Amino acid sequence: MALSVGFTMFVKVIANVEHPPACGTSLGVDVDGFSGDIVLTILISSILLAAAHYFFNTYMKDLV
């Protein structure tokens, strides 16, 4: 578990896309085990977040 979280953190830092929940997702897959339900949940969540960003982009404020 520590190896998968560490590897996820390393890849995020190299790619400069720091996002803390990504490590939680990696840890959750390790704890629960890999299954099709997990993949489906992650894909649906990603699509919903991307759609929300696309449609509400004009109303969002960049805090950086």
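Which residues does Thr8 touch, not counting residues up to four places away in sequence? Select Thr8 and display its surroundings: Ala22, Cys23 and Ser26 are in contact with Thr8, where contact means heavy atoms within 4.5 Å.

Before going on, note what is on screen. This is a predicted model, in which local features need pLDDT of at least 70 and side-chain atom pairs count only at pLDDT 80 or more, while totals for chains, interfaces and linings use all residues. Residues are numbered from 1 along each chain as its sequence is written, and side-chain values use heavy atoms, with hydrogens and water left out.

Colour by pLDDT, the predictor's confidence in each residue from 0 to 100. The protein chain has a mean of 85, and 98% of its residues reach 70 or more. Helices here are DSSP runs (H or I, at least four residues), numbered from the N terminus.

**Helix H1**

Return to Thr8, which is in helix H1. Thr8 is buried, at a relative accessible area of 19%; buried means under 20%, exposed over 50% and partly exposed in between, with a 1.4 Å probe and protein chains only.

Next, select Asn16, in the loop between helix H1 (2-15) and H2. Asn16 is exposed, with a relative accessible area of 59%. Its phi is near 60°, a positive value in a residue other than glycine.

**Helix H2**

Move to Ser26 in helix H2 (residues 20-32). Ser26 is buried, at 14% relative accessible area. Leaving aside neighbours within four places in sequence, Ser26 contacts Ser4, Val5 and Thr8. Show the side chains of Ser26 and Ser4: a polar contact of 3.4 Å joins them. Such a contact is a pair of N or O atoms within 3.5 Å; within protein, one must be able to donate a hydrogen and the other to accept it, and residues adjacent in sequence count only if both atoms are side-chain atoms.

**The largest pocket**

Finally, select His19, Pro21, Ala22, Thr25, Ser26, Val29 and Ile42, which line the largest pocket. A pocket is an open set of points on a 1 Å grid over the protein atoms alone, where a 1.4 Å probe fits, with protein on both sides within 12 Å along at least five of seven lines; lining residues have an atom within 4 Å of a point. The volume of the largest pocket is about 170 Å³, taken as the space filled by probe spheres set on the points, which are joined across faces, edges and corners. H2 gives the most to this lining, with 5 residues.

Technical notes: Helices (H or I, at least four residues) and strands (E, at least two) are DSSP runs, numbered from the N terminus.
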